[in-house]
Amino acid sequence: MDYIKPTQLVEDVAHTGAYKSTLSIKDILVKGVLSGAFLGFSTTLAYTAATESKLGIIGALVFPVGFVLILLLGLELVTGNFAMLPLARLKGLTSSKNIAYNFFWAFVGNLLGSILYGALFYISATKLGHISESEIIQKIITVAEGKTLLYKELGKDGMIIVITKAILCNWMVTLGAFMAFVSSSTIGKIAAMWLPVFLFFAQGFEHAVVNMFLIPTAMMMGADISFSDWWLWNQIPVTIGNFFGGFVFTGLALHLVYRKKNAHLEKVPTIHQSPLKDQAL
Amino acid sequence: MDYIKPTQLVEDVAHTGAYKSTLSIKDILVKGVLSGAFLGFSTTLAYTAATESKLGIIGALVFPVGFVLILLLGLELVTGNFAMLPLARLKGLTSSKNIAYNFFWAFVGNLLGSILYGALFYISATKLGHISESEIIQKIITVAEGKTLLYKELGKDGMIIVITKAILCNWMVTLGAFMAFVSSSTIGKIAAMWLPVFLFFAQGFEHAVVNMFLIPTAMMMGADISFSDWWLWNQIPVTIGNFFGGFVFTGLALHLVYRKKNAHLEKVPTIHQSPLKDQAL
Amino acid sequence: MDYIKPTQLVEDVAHTGAYKSTLSIKDILVKGVLSGAFLGFSTTLAYTAATESKLGIIGALVFPVGFVLILLLGLELVTGNFAMLPLARLKGLTSSKNIAYNFFWAFVGNLLGSILYGALFYISATKLGHISESEIIQKIITVAEGKTLLYKELGKDGMIIVITKAILCNWMVTLGAFMAFVSSSTIGKIAAMWLPVFLFFAQGFEHAVVNMFLIPTAMMMGADISFSDWWLWNQIPVTIGNFFGGFVFTGLALHLVYRKKNAHLEKVPTIHQSPLKDQAL
Amino acid sequence: MDYIKPTQLVEDVAHTGAYKSTLSIKDILVKGVLSGAFLGFSTTLAYTAATESKLGIIGALVFPVGFVLILLLGLELVTGNFAMLPLARLKGLTSSKNIAYNFFWAFVGNLLGSILYGALFYISATKLGHISESEIIQKIITVAEGKTLLYKELGKDGMIIVITKAILCNWMVTLGAFMAFVSSSTIGKIAAMWLPVFLFFAQGFEHAVVNMFLIPTAMMMGADISFSDWWLWNQIPVTIGNFFGGFVFTGLALHLVYRKKNAHLEKVPTIHQSPLKDQAL
Amino acid sequence: MDYIKPTQLVEDVAHTGAYKSTLSIKDILVKGVLSGAFLGFSTTLAYTAATESKLGIIGALVFPVGFVLILLLGLELVTGNFAMLPLARLKGLTSSKNIAYNFFWAFVGNLLGSILYGALFYISATKLGHISESEIIQKIITVAEGKTLLYKELGKDGMIIVITKAILCNWMVTLGAFMAFVSSSTIGKIAAMWLPVFLFFAQGFEHAVVNMFLIPTAMMMGADISFSDWWLWNQIPVTIGNFFGGFVFTGLALHLVYRKKNAHLEKVPTIHQSPLKDQAL
């Protein structure tokens, strides 16, 4: 049936990672913009649910919607890629250069998509600036300030905390990305992916792409956050922590235990028309 | 198993879009009437849930019922078609004229179905006018006024806001329509479609077909909305925004990244007995 | 996979409808008794849920339990048959006489089953008359009076309202019956059937078989409803409205748009050992 | 796909019933002990959920957990067998003697398992007698007293009421057991079984095996119930009502309408190595 | 379809147990670390849900997330192994020495993973010690003290209680591990596994691996628990109870009733490249 065993799952993820590393800039950018926007949509959905119900857990329960859309449509999410592409590298299926290339453009795409959605949502939520107070606006500002100013205040300790929360976050997010491969059935993929993403969001860990939407949108809405607050105290350390958590605890760990013993080393693909072409998910 | 990969999904959607563009007027009208009514049923269900629980998110959670019925039965929903048919055109599978023809009759069908349900619901909810106050009546009137008078009040800014909310809405609705193709299993289709439709409704974005039921029904119930308020400040700008959002962010975006490289250009079908006949979904 | 496309679905429903019209009286009666009782079970479940949670929507969410059991076991529910059998007739697969025969005995069976459950539930809920007040007893009496006396009070307008609510109801119930055919997988059938039945119950529309349990049970429990109140102001008009809604908006509408163009007209079956025998669902 | 049509379902249940009637005493006892304990686990889960949430319906919603485990693992539950084995007898697949043999040992096994869990739960909930008051202890005592003393107080009427509630209960429980055969897919089985079991528990009907845990555990915890109260006013009449409800309304009723016309009468199996061996479910 | 009958299920579990007993130390350790961490993630998720909603049952409902990830990825959880490996031994598929070897390293891995997550979570929840009071910190400390000091206080009785609660716990957890084999479909596995794990957590039974995270983390956070409190009054007796409950009530019980009569005794595998290699789940 549709369940995919772990050894095969790790193999499939690695090949998809290799394939992703060969996409054209245009493909990565468009797919990255959609992913960034979808996580933005999900974040405002989650905050709507949380503020209405006064229960953060309800917000977390619905947050995975956007993540599931990204994976089902085979789009580019830089945080998910943090485990998938290095895994392909560990298996000799791609080069470090190809990985860096994907990371860069996926990051840019995610950033553009997040800001695009942020701008459209700003228009909708503030009625083009006519409204400056509402539950959802307040929520976005409060959360964004907590994700920047709080760490800044604690100095070096704040840096350790934000990186730790980013590690914990992407351990789960990359697991969610891997879970998309645990079934060849749509309902199985959705259910399995939902779990770790719900888990990370419920506990307020730090996710680079969510923050690409959250912090600049809060800034548009009047949060007291400077550009350097955003990048120095959140975006950069979170990206580093996300990479470390995803690579070490998911990509590397599963590679260590699910290596196919006699797997022949395949060549590193360098062009788009690879035989991997259709393995977007 | 039942999961359909993105490249195939985009192909399937395009062929269904092409097929839809060849339906007879009668077929589009009947299918459009059912779709309009089903979204009306869903809207009153959602408002019943929301007013009883005092939680809009619960209303949004159940709203997709009608959308799912529409897609499972292969009916005509003009907003979903805003992404599917242009995609068929981008692939050279239909003509712009055929698209305009479908859009026109699907719009008319949706409008008739929405008003039909609106009239029947009016009889039921107001007890043929014997009751003028109830939670659900109040909810419908309040929402409908917020969807028209509020934008009118803000003038040009209101126009920007309503179009933005319509773009955001149909980005998700068309994604919902595409998600119906992500699985060949019924449960997979239902689960996948549910997500983006739940997402848009929870956040109060603007959907042309929902409003075809909501605003005229509110008018019957005594809302202070004129015919021109309805069309100038909601129906027309929302339809434009819905088209833009669905076409650009779903149809075009996915076309750009999931083009089959060597796909042979098929001829534009012009009659009903096309080989596409059975691809209603 | 398990999803059944609309054209095939309509074909399958029609053949099942034809098969149902050839069942023996004993089969229809036993299957009808079970269906009537199952809807009774569901109604008291729904009212238990609603009174405990103070939320009608929760009651509606669990109501479809009995409906699902009926469809999965291929039993006879006269309201569902109101769309399925006429569809078979439209396709020339059965005769009007056979339909009337099924409607009559399914109605009788449903009525007997509803009253059987009503009597057993009366013993359980009132402790054989030792208790006359409880939340569930009060709920049943209040609802039943609202479904009869209220319409009577409004005279001719009441008649229009009750028929309208019956039309809206069975539009959805018959859609639920059709949804049982949208998948060849049990989970797909359950999920798809659940939706429209949940939708109708949440909004308090009028369903003939539910009322066959509700009103006489309320009468046993002491509701101020006469036999003629039950039949003149509810059972008869609701049955008429249910037939109209199910036949026109589901059976006929879907027949119009999903006719197989070259389908050969099959003969009307008149005996039980038809080749359709096993198509109970 | 995985949906099993009613005629086949009834055939499968009958063969499983016949197989069950040939199990060794050891097999029935071990399987019966597990079933008894699993329903005990479920009952305390349900009461935990109900007391925490103050909503009995939430307790009922989670109660089927244990029932599902029993059916998925093909264990012996005497109440479920009340419909399955007589059905096998009606089809000439087993003898009345074999049925009585299974009923006896399954009853004993269920009783032992229920009391085993009851004793372990007593240790856990009362901290080996150090605690005598808590929400869950109070709940168990109150419910158990309501299930015995209340009927005793009403005398002959109490006997009619308890038997009626037992009939209603096992009508649904046996339907749940049959629903385990409505799909060859695990998720389909789980979903279908859940429904009728949830339905009976929500309404407080009387189930012999649940009571085998509930009443003696309440007695250990200090409920004012004598051994004869337990057996005369609950265990015996409930067992009788459960048998009647399960046999007549599920086993017999479905046999009447889903008899295979030309089915050849198979011989009654009398030993364990029957070809039915693997049809535990 | 995907449902696996009990006889085959027991066979599959036994072979997986045999395979697990041949894993290298490195594989067991890495897999054990991931499992320990995943249960830690789940525990803090559950406590977040429970403290926000004030309902322990909601926490229990989401707790199985981590357990499902462990089983879907074929990782090593010593408590689950307590039933699976002895079952393999009963069938002569492995040796007691191999089992002890697996138990030892899986225990160590689970402990290391639990403490790793505990340390990272400590940094996140206490902001590196800057915060010492919050709902989640308080919850962890209270629960951990209840799981150690309370038993200590009751002396010998406390020892009986903690072992009883550990037996009840792992009866269900091992059943959850077995349920992962009841389907070859991902959604079937997830649903079936969820049930018994939800059941045990809701009732506060004692699970060795959860406690490996909970107690040392509470100690870091300032709970008044000594190292010997942790091990003497919880970790050691709970491990013993977990072993007994899992082995006797799940492994042995199901072995007794689902032995394949003529199964040929296979040799005990002693190296890693066994033909069982890919049966991680």
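How many residues of chain E are in contact with chain D, and how many residues of chain D do they meet? In this predicted model, 43 residues of chain E are in contact with 48 residues of chain D. The size of an interface is often given as the accessible area lost when the parts come together. For chain E and chain D, about 4000 Å² is buried between the two, and carbon and sulfur atoms account for 75% of it. On the chain E side, the residues that lose the most area to chain D are Met1(E), Tyr3(E) and Leu195(E), which together make up 15% of what that side buries.

What kinds of pairing are found between these two chains? Zero salt bridges are counted between chain E and chain D, while the count of residue pairs in polar contact, with both residues at pLDDT 80 or more, is 14. Several helices supply the side of chain E that touches chain D: α1 (6–20), α3 (56–62), α9, α10 and α12 (227–257) of chain E each give two or more residues. The most comes from α9(E), which gives ten residues. Sorted by class, this side of chain E has 31 nonpolar, six polar and six charged residues.

The area buried between chain B and chain A is about 4100 Å², with 75% given by carbon and sulfur atoms.

How are the copies arranged? Chain B is superposed on chain A by a rotation of 72 degrees with 0.0 Å of shift along its axis, and the RMSD is 0.0 Å. That is the relation of a five-fold axis. Within chain B, the C-alpha nearest the axis belongs to Ile187(B), at 5.8 Å from it. The two copies use different surfaces, since 7% of the contact residues of chain B recur in chain A. Some pairs of chains do not touch: no contact joins chain A and chain C, whose closest C-alpha atoms are 10 Å apart. Likewise, chain B and chain E are joined by no contact, and their closest C-alpha atoms also lie 10 Å apart.

A single residue brings the view down to side chains. Where does Ser185(E) sit? Ser185(E) is placed in the loop between α9 (155–179) and α10 (186–202) of chain E. Is Ser185(E) buried or exposed? Ser185(E) counts as buried because its relative accessibility is 4%, and the cut-off for buried is under 20%. Leaving aside neighbours within four places in sequence, Ser185(E) is in contact with Met1(A), Asp2(A), Tyr3(A) and Asp2(E). With one of these residues, Asp2(A), the side chain of Ser185(E) makes a polar contact, side chain to side chain, at 2.8 Å.

Conventions:
Residues numbered from 1 in each chain as written. Chains lettered and ligands numbered in written order. Predicted model: local features only at pLDDT ≥ 70, side-chain atom pairs only at ≥ 80, totals over all residues. Heavy atoms only, no water. Helix = DSSP H or I, 4+ residues; strand = E, 2+ residues; numbered from the N terminus. Buried < 20%, exposed > 50% of the residue type's maximum accessible area, 1.4 Å probe, protein only. Polar contact = N/O pair within 3.5 Å; in protein donor to acceptor, adjacent residues only side chain to side chain. Contact = heavy atoms within 4.5 Å. Buried area = accessible area lost by both parts, 1.4 Å probe. Least-squares fit on C-alpha atoms with pLDDT ≥ 70 in both. Salt bridge = Lys/Arg side-chain N within 4 Å of Asp/Glu carboxyl O. Nonpolar A, V, L, I, M, F, W, Y, C, P; charged D, E, K, R; others polar.
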